[in-house]
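Please keep the sequence and the model at hand while reading.

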Amino acid sequence: MMYGMKKVRTRIAPSPTGDPHVGTAYMAIYNYLFAKHFGGDFLLRVEDTDQSRSAPEYEANIYKAIEWLGIDWDEGPNRGGPFGPYRQSERTEIYREFAEKLIKEGHAYRCFATAQELEEMRLVLRQQGKRQGYDRRYRNLSEAEVKKRLDEGQPYVVRLKIPLTGNCEFNDGIKGPISFPWQDVDDQILLKSDGFPTYHLANVVDDHLMEITHVIRGEEWISSTPKHVHLYNCFGWEAPEFYHMPLLLGSDGKKLSKRKNPTSVFYYRDSGFLKDAFVNFLTLMGYSREGEENEVYSLETLIKEFDPARLRKSGAIFDVRKLEWLNQQYLINNIPQERLWDEIKGWAFSDEKMRKLIPLVQSRIKTFPEFFELCDFMFRTNIGLSEELLTPKSLTVESSALLLQQMLADFEAFTDWDREMFESTSKSIAERFGVNHKKVVMPIFFATITGKHTGPPLFDSCAILGRDIVRARFLAAINILGGISHKNQKRLEEARARNDFASLIAKKGATV
């Protein structure tokens, strides 16, 4: 089946800079659906130009997450294909050549603005009440002036020359016709001073060279689309069709955020959700099946019936209760009773997991039932958190929340969430907040992870649970304590800047 006269080619292009996000899974599913319904190809491209944050283990996790969903890509870094390489870090010379082409043809220019100049621009524009951005001061330098600065070795970035008047008009497959005034669009950086491209240049060049016909991505990219449309025009290329999918929303109606919600695909896998139920759930977020009573269906069914006209225009709430209901339907209807124990055993009682857990409990139990009394938190989602459990007698509820928030922020700075990291970070938190590690930090930490103040060794237990479950439990604990208000978030940021966390602690009664 063809879509128009071209073979359909879609892609996802995640950055390997963190845990695989449910938003990546959501986009992967819809790009896969679109391509497979029309008999096309689905590509996976790794956008790893942010060298300071990209890591091989994060790239490996992208593959694991998408494979867990049951989605197979036709071309990619670990599959090869006729349009490789599929890692942007391996394509830097291609981007530099196209950047030079834009400069030569007058569509881009070298900008020598320093960090100090950019800050001064922001201050002046803020004082004038204007939109803050780059003031284009290097846009019209003479060739002689550019050569002089290059000979002096001045660092520069390459910026795109955006039209100064008129509007950018383009059609979105979901939203319809869209118009953007060019005066609201900055001269976008295309090539950074380190020679690596920004998303905007690499995305357009790669999509053209890899013959992508349909760009299906989140609606947060709508405001960037004028820059991409202009780049296609500058190169003289035909732009792909754009489809901007509605965002996944949290219960507060705002974009799903890892500050408030578990957003890693692995969290849902490790929490015992079936992949088919999870995929089914994500398709409900972006697709309307009006007139269809059944909300439980396979990916194969949706590929067969898929119609782009039924893609949703507005975001849907990422309702975990709906996911739980769907998961129950799959457990009842898709897993025979004789297979259920094997599924549970594979999820919770794998030999690999038990080899790590048993040494922590062998000397602590007198009978087999005590294993479950001691380790029940390893197999539960709701561990019974409460303000009382999470707040030592010497601290206020607010102080406990701030301490947990900063501890989680410290964890996020590490790639490996292992035993040593948990121990050293908790001790560092105690020292910086000016509280006792054993009497204050450990009770809060223990309760956050286990729902009680006793259990097997805490740091080893955290390492077994893994970063996604640990992160989710910290978020749950912070929420139980009332969350972090904008005011307290600002207080935390100021404390970080001063490296003075002790001022955040409000004590009740006795000195800690």
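## Helices H16 and H21

Helix H16 crosses helix H21 in a right-handed way. A crossing is called right-handed if the near helix is turned clockwise from the far one by less than a right angle, and left-handed if anticlockwise. Helices (H or I, at least four residues) and strands (E, at least two) are DSSP runs, numbered from the N terminus. The contact is made by Glu398, Leu402, Gln405, Gln406 and Ala409 on the H16 side and by Asn488, Gln489, Arg491, Leu492 and Arg496 on the H21 side, where contact means heavy atoms within 4.5 Å. Sorted by class, the contact of H16 with H21 has 3 nonpolar, 4 polar and 3 charged residues. Ala, Val, Leu, Ile, Met, Phe, Trp, Tyr, Cys and Pro count as nonpolar, Asp, Glu, Lys and Arg as charged, and the others, Gly among them, as polar.

H16 covers residues 397-412 and H21 covers residues 486-498; their axes come within 11 Å and cross at roughly 55°. Axes are lines fitted to C-alpha atoms, for helices over the stretch in contact, and angles run from 0 to 180 degrees between N-to-C directions. H16 and H21 are therefore oblique to each other. Angles under 35 degrees count as roughly parallel, over 145 as roughly antiparallel, 65 to 115 as roughly perpendicular and the rest as oblique.

## Basis of the model

This is a predicted model, in which local features need pLDDT of at least 70 and side-chain atom pairs count only at pLDDT 80 or more, while totals for chains, interfaces and linings use all residues. Residues are numbered from 1 along each chain as its sequence is written, and side-chain values use heavy atoms, with hydrogens and water left out.

## Helices H13 and H19

Helix H13 (residues 351-361) packs against helix H19 (residues 458-465) at an angle of about 170°, and their axes are 10 Å apart. H13 and H19 are therefore roughly antiparallel to each other. From H13, Lys353, Lys356, Leu357 and Leu360 meet Asp460, Ser461 and Ile464 in H19. The residues of this contact of H13 with H19 divide into 3 nonpolar, 1 polar and 3 charged.

The loop between H13 and helix H14 (369-375) holds Gln362. With a relative accessibility of 62%, Gln362 counts as exposed. Buried means under 20% relative accessible area, exposed over 50%, and partly exposed in between (1.4 Å probe, protein chains only). Gln362 and Leu390 are 28 residues apart in sequence, and their C-alpha atoms are 28 Å apart in space.

## Nonpolar cores

Which residues touch the most other members of the largest nonpolar core? They are Phe278, Leu357, Phe411 and Phe445, out of 109 residues in this core. Helix H1 (residues 22-37) gives the largest share of the core, 11 residues. A nonpolar core is a set of buried Ala, Val, Leu, Ile, Met, Phe, Trp, Tyr and Cys residues joined through side-chain atoms within 4.5 Å.

Not counting residues up to four places away in sequence, Phe278 touches Val22, Trp68, Leu69, Val265, Tyr268, Phe318 and Leu323. Another core lies apart from the largest one and has 33 residues, among them Leu102, Cys168, Ile222 and Val229.

Is helix H6 mostly covered or mostly exposed? H6 (residues 199-209) is mostly covered, with 9 of its 11 residues buried. The buried residues are Tyr199, His200, Leu201, Ala202, Asn203, Val204, Val205, Asp206 and Asp207. Their cover includes strand E1 (9-12), helix H3 (92-104), strand E7 (189-191), strand E8 (214-218) and helix H7 (225-235).

Trp221 lies in the loop between E8 and H7, and counts as partly exposed at 27% relative accessibility. Not counting residues up to four places away in sequence, Trp221 touches Tyr199 and His244. The C-alpha atoms of Trp221 and Ala144 are separated by 37 Å, and the two residues are 77 apart along the chain.

## Backbone exceptions

Most residues other than glycine have a negative phi, and most peptide bonds are trans. Glu211, which follows H6, has a positive phi near 60°. Arg136, in the loop between helix H4 (115-127) and helix H5 (143-151), has a positive phi near 65°. Asn499 is in the segment after H21 and has a positive phi of about 55°.

Gly84 and Pro85 are joined by a cis peptide bond, with omega about 0°. Pro85 is in the loop between helix H2 (56-68) and H3.
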